[in-house]
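My notes follow the display.

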Amino acid sequence: MAAETDANSDGVYKDHTPMMRQYLRIKAEHPKVLLFYRMGDFYELFYEDAERASRLINITLTKRGTSAGAPIPMAGVPVVSVEQYLARLVKLGESVAICEQIGDPATSKGPVERKVVRIVTPGTITDTGLLNAKADAALAAVAIDAKRGVTGIAWLVLASGDLRVTSTPRARLASELARIAPSELLVAEDQRALLPALDTAVQAVPDWHFDAARGTQLLRKQLEVATLQAFGVEEQPELLAACAALLTYAQQTQAARLAHVTTLKLERESDFVVLDPVTRRNLELTEPLREADGPTLFKLLDRCATGMGSRRLRHWLHHPLRAAEAARQRHTLIGVLLEGERERLVLDTLRPVPDLDRIASRIALRTARPRELAALRDALPAIAQAAAVAAELRTPLAETLWGHLQPPSGLHALLGQRLLPEPAFAPRDGDVIASGVDAELDELRQLRDNAGAFLVELEARERERTGIANLRVEYNRVHGFHIEVTQGQLDKVPDDYRRRQTLKNAERFITPELKAFEDKALSAQERARNRERELYETLLTELAPQVAPLLGCADAVATLDAVAALAQHARAARWVAPALTDAPGIELIGLRHAVVEGQIESYMPNDCRLSTKRRLLVITGPNMGGKSTYMRSVALAVLLAYVGSYVPASSARLGPIDRILTRIGAADDLARGASTFMVEMTEAAAILNHATEQSLVLMDEIGRGTSTFDGLALAGSIARELAEKNRCYTLFATHYFELTQLADTLPEVANVHVAATEHRGKVVFLHEVREGPASKSYGLAVAQLAGVNVSVVKRARALLSQLEERAAGTRPQLDLFAAGAAPAAAAIEERDELRETLMQIDVDALTPRAALQLVYELKGLAQG
């Protein structure tokens with residue numbers, strides 16, 4: 001091994017054994033990752049890797065040999081259970097280089113030859129056991145063009161071969177990364193500090209990896225095209241640079257060509273209804289806000305039969321379509337499926353289908369396991385049946401899906417002929433290839449499996465030939481096969497017997513025939529495994545042309561599965577098809593919250609009407625009355641409609657929507673040094689900067705994170721800005737009753753309230769949204785309902801009466817939205833103070849000196 005010789009000549013590893021010198025040389029090539037070094041039935045780790053792995057996944061730390069007089073730390077995991085350890089490490093954001101034995105121990109002089117065959121990282125995993133069945137693991141690369149102010153993002157789902165790119169302003173980088181949700185992110189070393197704070201594993205790679213010219217070359221070679229013009233990226237250097245780093249890293253980790261990556265998709269902001277990270281979180285699309293196992297929209301809808309369908313549904317929820325026609329096609333297919341419970345037939349048909357896309361990708365990477373191919377073989381009849389069902393649906397989308405739901409011809413026969421009905425886990429285990437495929441393999445298996453019969457037959461022949469009745473043909477691991485003869489029968493031993501071992505009461509012999517059988521039998525198992533590996537590699541090569549059709553089939557299965565799941569929930573929950581029109585506005589009648597309606601016994605439906613003449617609803621009412629639930633129900637219905645789902649309402653009509661923006665709830669962001677109010681204002685600023693006439697905005701109790709008057713002033717100004725300048729569809733929930741005056745001055749503003757009443761001193765929430773402002777807040781009743789001490793509530797009620805009397809008797813209601821409102825308010829305060837001072841004067845008791853002093857005080861008050 002040349003590298004090892006070089007190391008020895010340099011004296012770098014001279015104090016180590018040959019095997020450790022080999023390990024250190026390989027580790028030096030992969031310094032940033034954990035190295036799993038194959039030694040027999042274990043993957044071993046040494047030095048810092050062993051100590052780190054021991055801490056991370058709680059494996060035993062031991063010692064092996066010494067280096068410079070100190071013991072070498074060592075830890076290991078069994079080969080048979082390596083996947084569970086890899087899964088835990090990847091979940092922690094670690095990367096692992098897998099170093100296998102590739103040489104033959106029987107012919108190796110010194111350490112068996114080894115090399116790294118792949119690197120497992122959070123964004124490049126393809127093993128089924130390491131992947132989340134319901135979510136994709138994407139590898140992304142970010143190229144920041146500081147001069148032009150744009151950022152190129154390229155991302156690849158290696159397990160399905162899905163390669164996409166998008167270009168975005170730097171200000172929207174965090175939002176785009178939240179949408180893509182990569183498991184691992186690549187960035188140039190000199191741009192690491194430019195990234196926003198992320199929870200994703202970040203790998204800083206050399207700057208030269210992000211080279212646009214190199215990206216052009218890599219993409220042309222990968223996609224097998226002469227020009228990239230058809231993909232729309234040829235004139236966008238930030239996208240080419242990101243692709244360069246992405247493809248380089250993916251190819252390095254897989255140590256193979258990415259044969260299944262055959263196309264590139266350019267995504268634009270105009271393709272989808274924009275959801276920023278705050279909105280994704282507030283609407284609880286796939287992640288709950290509070291409890292880790294809390295309800296989400298995805299959990300509610302995921303009735304999919306396959307992992308592919310679940311992943312497609314998750315993607316749809318985060319990517320509502322701007323193109324209404326594409327959403328309508330899904331609505332139409334759902335409607336046809338609901339005729340005669342066809343959705344149940346589709347789901348039952350697809351249930352046996354494994355992850356076709358992941359299996360196809362592993363075939364392309366030549367890492368597919370025998371049992372995955374067997375699962376593919378067994379699922380092909382179900383896919384053909386699903387195609388037959390799709391052919392009967394007769395909708396434009398169903399016809400498109402039917403065209404791809406055709407398994408490659410001859411695939412079932414090929415896999416059925418080549419594989420055993422239940423093959424072993426891996427080719428190295430043997431028993432993968434079916435009998436009759438290869439004569440040499442069949443012969444080796446016969447030697448392996450029929451050794452016992454041969455020995456019985458040989459023993460009978462030798463007894464008859466020698467006349468030794470107690471002659472035995474046996475085997476042990478130390479001396480192999482032998483013929484054992486007792487001391488009293490040695491005179492009958494033939495001349496062709498050769499002594500192998502002497503015992504106290506017997507002798508053991510070998511014959512030329514038995515020796516020849518031993519040579520064959522002892523090597524038959526290993527030779528059979530080697531032959532099976534060769535035949536399996538040949539099978540993978542033959543399957544390579546089927547990868548593209550299989551990926552197309554997987555895409556169709558995922559879509560059909562996801563639509564069928566939406567249809568099944570629509571039937572169970574009595575959802576309706578929305579009408580998507582070109583006319584602006586939102587009209588939702590009998591609306592329910594998609595998730596909440598299934599968690600309570602009786603849900604009060606409500607209506608929501610927004611139009612060009614009614615753009616902002618000021619929503620008032622008590623806490624716990626249902627304001628936030630109402631607003632979220634509107635946003636979820638709009639999102640579901642453009643996802644292509646039915647919606648929880650009795651009828652729905654929706655015009656074009658370009659984005660959904662929310663400001664709901666209060667939370668500190670202490671990790672970034674932001675208070676509740678700062679977070680609130682940051683989110684409000686983002687809405688004001690991005691909302692358009694086609695945006696849906698949810699604002700919940702804006703301004704509550706500061707003093708009453710500051711909050712009221714900000715809330716009033718923000719509401720006016722949304723109504724007059726942004727002109728977006730806005731649901732504005734507030735406890736500032738003064739904001740209801742907006743409807744008096746702005747014709748596009750209307751008041752609604754969530755109804756409540758008091759019964760025997762207790763508040764009763766009706767959860768009904770009615771026209772007009774709320775009559776009272778019921779704050780004290782809610783406090784009592786929450787368990788606040790009765791004496792505290794009584795005291796609060798007394799204080800409230802005093803405050804209301806003072807406000808009613810001394811100050812008129814301020815009009816925050818009238819011109820000159822601030823100076824008028826100041827003048828009123830000055831007059832009130834003068835009045836109070838004069839009313840307290842006892843004129844008859846004033847002395848001349850006190851009267852003079854009072855004049856000065858009154859003058860001072862008048863001058864402010």
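I looked up Glu462 and found it buried at 4% relative accessibility (buried is under 20% relative accessible area, exposed over 50%, partly exposed in between, with a 1.4 Å probe and protein chains only). Helices (H or I, at least four residues) and strands (E, at least two) are DSSP runs, numbered from the N terminus.

I noted a salt-bridge network next. Bridges that share partners join Asp162, Arg164, Arg172, Glu176, Arg179, Glu267, Glu269 and Arg659 into one network.

On provenance, this is a predicted model, in which local features need pLDDT of at least 70 and side-chain atom pairs count only at pLDDT 80 or more, while totals for chains, interfaces and linings use all residues. Residues are numbered from 1 along each chain as its sequence is written, and side-chain values use heavy atoms, with hydrogens and water left out.

How many salt bridges does the structure hold? I read 62.

I then checked Arg38, which forms a salt bridge with Glu100, the closest N and O atoms being 2.9 Å apart. Arg38 is in strand S1 (residues 34-39) and Glu100 in strand S5 (residues 96-101), so the pair ties together parts 62 residues apart in sequence. Arg38 is buried at 15% relative accessible area, and Glu100 is buried at 17%.

I also checked Asp357 and Arg311, whose salt bridge has its closest N and O atoms 3.1 Å apart. Asp357 sits in helix H13 (residues 356-364) and Arg311 in helix H10 (residues 307-318), 46 residues apart, so I logged this pair as a link between distant parts of the chain. Asp357 is buried, with a relative accessible area of 13%; Arg311 is buried too, at 4%.

Last, I went through helix H16 (residues 411-418). Which of its residues are buried? I listed Leu411, Leu414, Leu415 and Arg418. They cover an arc of only 90 degrees around the axis, which puts them on the same side of H16 (the arc is that of the directions from the helix axis to the C-beta atoms). The face turned away from that side carries the exposed residues Ala413 and Gln417. What covers the buried residues includes helix H14 (370-393), helix H19 (512-543) and helix H20 (547-573), contact meaning heavy atoms within 4.5 Å.

Notes: A salt bridge is a side-chain nitrogen of Lys or Arg within 4 Å of a carboxyl oxygen of Asp or Glu.
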